[in-house]
Amino acid sequence: MKKTLIYTSLALAIMQSYSASAEIRFNGFASIKAGIASSDDILYEYDDEIDFKNESLFAIQASADMGDKLSATAQIMAKGRNDFEAEFEWAFLTYELTETLQVSAGRIRTPFYKYSDYLDVGFAYPWVRPPRSIYNIGFATIEGISLYHSDMFGDWDVATQFIYGNFNDTVKPFLYNENAYPVDIQDALGLSVSMTRDWFNFRVGYLQGDLSTDFAAVSPAVASILNGLRAFDQALIGLGAQPLGLEQKAQDVEMVEDPASFLDVSINIDYNDFLINTEWSKLTIDDSFSADREGWFVSVGKRIGDFTPYIVIEHFDSELDESLYQDFPTLTLPIPELQQNYAALQAGVQGLVFSDKVDNDAWTVGVRYNFHPSAAFKIQYTENDDKFMNQTSSLISFGVDLVF
C-alpha cells in the first residue's frame, strides 16, 4: 500500500508539474474473461463454478512527453483477482540518449518472456492467456533501470535491453501455488535480444539475481522443519554427542539470498497468415529445496478472415534436488524418541523437496474472433495432465480483449 501511495504521489506530482507544457497521451486496455473448470477440479485458479473475476482487468496508461527527449509513463491497472483494486503497474521516466538508445528508470516491466511487454494486453496475442507452462512466474515488474537499444542491421531489426533492479512483494510463485509468499530479489541483472526479419523473429532473454523467500512465515510445516533441524544438533550436544551439522542442512533448505537465474528462448513465425509461436524457459534456484523448472510450448494458428483458430501443446516439469534428504547420515541413537524425531525430520525434508515436484502436459484448442477493430472475442478449451498427481483436469475459458 505504501508503495502504491508513493507511486501515486510521484505520478500526480509529475502530471501536475508538467501538465501545462507536456503533451499527455492516454490509452488503455481491458479484458473481461470467464472460466469454469471440470467438476471438482481447480485449474489456473478456476474451479467448477464459473468465475468472471480471475483474469478480468482494466488498465489506463498515461504517457507525458516533456520535451527535450524526456518522457514519463504511468500505467494503472485494476485486476479482478485483487477485487479490482487499482495499482500502479508501471511508473517510469525515459530519456532518449540517441535516436536508437534510451534509458528508463522506475517501476519497469521485467523482460522475462517474448510477450513480457504485452503480458496483460490480451488483444496483443491470440490466446485467452499466454501458455502457463512458460508464463508462470508470479510477478512481472521490478524497480530499477533499463537501457534499451533498437536499430536495423542489414535486413534485421535488432532490439536489445539491459535491466538492473530489485523486487520486493508478496506473490504466488509459479501461479501453481495456493499461497502467496514474501519474495525479495536483490541485484536482478538481465539482458534480452530480439531479432526480427520479415516474418521471422528470434528472441533470447536471461536474468539472474539473489532470491529470498520466507516460506516459513507462511507455512507452519516449513517453520517446524527448519526449527527441528536447528534444535536437533543442540539436543545432541546436550547429550554429549557430536552434532550432525543439521544447521547447515537448514540453511541448504531455506531460501535466503540464493542465486537464481532464468533463461528464455523463443522463435516466432508470422507467414502467409500462419502463426507459429514457440518458447522454452528454465528457472534455476541454487542452494535451496526449490527444484529447477523447465517448460516449453508450441502454438500453431491461422488467420482466416476475422477468425484465428489455434492449437497449443505445452509441457512443464521440475528437477528435484533429492540429495537434501538422501544424504542424512545413518545413525542409531540411544534414545527412541530422539531416533523418531530424526526420522521425522528426514521425512519432513523429503516431503518439502517433493512439494516442488511438477510434471504437467497440457493442450489447448481455441479461436479468436476480431469482431471489432479494437476488440476480439476468444474462447478456448484446455486439458491439463498432472502426471505426478495422476490427475487430469480441463478448463473452458472465454472473454473479450480490447484496447482503447
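**Ground rules.** I number residues from 1 along each chain as its sequence is written, and I use heavy atoms for side-chain values, with hydrogens and water left out. Since the model is predicted, local features need pLDDT of at least 70 and side-chain atom pairs count only at pLDDT 80 or more, while totals for chains, interfaces and linings use all residues.

**Entry 1, salt bridges.** I looked up the salt bridges (a side-chain nitrogen of Lys or Arg within 4 Å of a carboxyl oxygen of Asp or Glu), and the structure holds 19 of them. I noted Glu-143 with Arg-107, whose side chains meet at 2.8 Å, N to O. This pair links distant parts of the chain, with Glu-143 in strand β6 (residues 141-153) and Arg-107 in strand β5 (residues 101-109), 36 residues apart. For these labels, helices (H or I, at least four residues) and strands (E, at least two) are DSSP runs, numbered from the N terminus.

I then checked exposure, where buried means under 20% relative accessible area, exposed over 50%, and partly exposed in between (1.4 Å probe, protein chains only). Arg-107 counts as buried at 13%, whereas Glu-143 is partly exposed at 22%.

I also looked up Arg-230 and Glu-254, which form a salt bridge at 2.8 Å, N to O. Here Arg-230 lies in helix α3 (residues 220-238) and Glu-254 in the loop between α4 (246-253) and β10 (255-271), 24 residues apart. Arg-230 is partly exposed, at 28% relative accessibility.

The side chains of Lys-387 and Asp-361 meet at 3.0 Å, N to O. Lys-387 sits in the loop between β15 (375-386) and β16 (391-403), and Asp-361 in strand β14 (residues 359-372), 26 residues apart. Both are partly exposed, Lys-387 at 39% and Asp-361 at 27%. I also recorded a network of salt bridges that links Lys-33, Lys-378 and Asp-401.

I searched for nonpolar cores (sets of buried Ala, Val, Leu, Ile, Met, Phe, Trp, Tyr and Cys residues joined through side-chain atoms within 4.5 Å). The largest has 56 residues, of which Phe-139, Leu-229, Phe-232 and Val-349 touch the most other members. A second, separate core of 6 residues includes Ala-37, Leu-43, Tyr-44 and Tyr-46.

I followed β12 (residues 292-302), whose covered face includes Arg-293 and Phe-297, and whose uncovered face includes Trp-296 and Val-298. Strands count as paired if DSSP finds at least two bridges between them. Strand β11 (residues 274-285) pairs with β12 in the antiparallel sense over 10 bridges, and Leu-275 stands opposite Gly-301 in β12. The two form a hairpin with 6 residues between them, and Asp-287 in the turn has a positive phi of about 60°.

β12 also pairs with strand β13 (residues 307-319) in the antiparallel sense over 10 bridges, with Gly-295 opposite Phe-316 in β13. That hairpin has 4 residues between its strands, and Gly-305 in the turn has a positive phi of about 65°.

I found a nonpolar patch on the surface with about 860 Å² of accessible area together, its residues including Ile-304, Phe-307, Tyr-369 and Phe-377. β14 and β15 each supply at least two of its residues, and Ile-304 lies in the loop between β12 and β13. Patches are made of residues with over 30% relative accessible area and no salt bridge, with like charges joined within 9 Å and nonpolar side chains (Val, Leu, Ile, Met, Phe, Trp, Tyr) within 5 Å. Accessible areas come from the Shrake-Rupley method with a 1.4 Å probe, and for residues only the protein chains shown count as cover.
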